[in-house]
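Reader: Hi! I'm new to reading protein models. Could you walk me through this one?

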Amino acid sequence: MYEEAAELASSVLERLRHGHHDIDRDMLESSAMVLLQAFNQLPTKTPDILNQLKLHFVSLKAIPTLVLLTGACFQIAQGSESALASVQQFLHDFLNGWSLEHSQYSSVITEAASRDQSPRFILPVDEYLQVVELYALTLLATVQKDVDLAISWVENASLPEENRQGLLRSLHSMHSSKSTILSQSSFQQSPTNSNEAYPLKEQSVSEGLPKALKSNEKYRSKEAVTKLSERIEACFWCFRGINLKIGTTKFVITSGKIMLGCLILFIYYVFRKKQATLNRIVRRQAMAVKRALVDLWQLAFSYQVNPLAAVQPLSAATRQGQ
């Protein structure tokens, strides 16, 4: 299906290319995006996406910006040296040849002059700057770690001064962080530094020993928990998820639901097997509670109260006084 989509997109792009000049930009961009996605899924086309894409346009400058950025990102994601070199040359060729006029970029396409009446392409500043950021910041400075080349290119490129200064600030910050890391690594590897820092190292080792022990204890506890979980999973290997498909409906029974169902079945089995014994225990407990309530009732209402008990002590005290 990817090959079929690539063929259909290629045929649409060829008809748009050889048609009249007033073409539909949305259709052109959509067809090119379909072609890119199909090429990205085809192993034979993936390493050379941008060069394959260039064959369907009258010039490199005629490729829509969104299509160009997407294809470049696809090829950068491959990570191979040949792919990175290809996308670097492709973006470099695209960015060259534009002139900034009246807050927009324009370029004359010499190879299309014989076919088109107006071989001039216009590109907004923001779209041009998106390609510049991808080329200078992402590809050169971040992926290829060549910050000096990115700074040199930005300094010589035809850019608005405000945007140029912003890009240079970002690149200089990346360059300073890179130089700091290199200086730290060289300082740590120098032999004089190792000799001078020996007492400091000894002190840091003595101070950091408890921390190292604590970290080792934490690591061992985590490792023990991991091993225990692996053993538990090995014990319950039979309780795994089950996928059931009935027609177009799909059911997934997890291991937790299976264990819960087994537990319910076990309890039901025990209850049916020991039903007579459980009934006797329940009856015995009910009878014991009933006897206790009856004894409490009889004890409460069978006690004889003497009405003269409160008067008798008073009469005895009166006799003593007499």
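**Two helices side by side**

Author: Happy to! In this predicted model, α4 and α6 are roughly parallel to each other, because their axes cross at roughly 10° and angles under 35 degrees count as roughly parallel.

Reader: Nice. Within what distance do the axes of α4 and α6 come?

Author: The axes of helix α4 (residues 65-76) and helix α6 (residues 125-143) come within 10 Å.

Reader: Which residues in α4 and α6 meet?

Author: On the α4 side they are T65, L68, L69, A72, C73 and I76. Their partners in α6 are E127, Q130, V131, L134, L139 and V143.

Reader: And what's that contact like by class?

Author: The contact of α4 with α6 has nine nonpolar residues, along with two polar and one charged.

Reader: Changing topic: where does L16 lie?

Author: You'll find L16 in helix α1, which covers residues 2-17.

Reader: Is L16 buried or exposed?

Author: L16 is buried, because its relative accessible area is 14% and buried means under 20%.

Reader: How far apart are L16 and F57?

Author: In sequence, 41 residues separate L16 and F57, while in space they are 9.2 Å apart, C-alpha to C-alpha.

Reader: Let's zoom out. How many helices and strands are in the chain?

Author: The chain has 13 helices and five strands. Of its 322 residues, 25% are buried.

Reader: What about the accessible surface of the chain?

Author: That comes to about 23200 Å², and carbon and sulfur atoms account for 59% of it.

Technical notes
Residues numbered from 1 in each chain as written. Predicted model: local features only at pLDDT ≥ 70, side-chain atom pairs only at ≥ 80, totals over all residues. Heavy atoms only, no water. Helix = DSSP H or I, 4+ residues; strand = E, 2+ residues; numbered from the N terminus. Buried < 20%, exposed > 50% of the residue type's maximum accessible area, 1.4 Å probe, protein only. Areas by Shrake-Rupley, 256 points an atom, 1.4 Å probe, with all protein chains shown as cover. Axes fitted to C-alpha atoms, helices over the stretch in contact; angles between N-to-C directions. Parallel < 35°, antiparallel > 145°, perpendicular 65-115°, else oblique. Contact = heavy atoms within 4.5 Å. Nonpolar A, V, L, I, M, F, W, Y, C, P; charged D, E, K, R; others polar.
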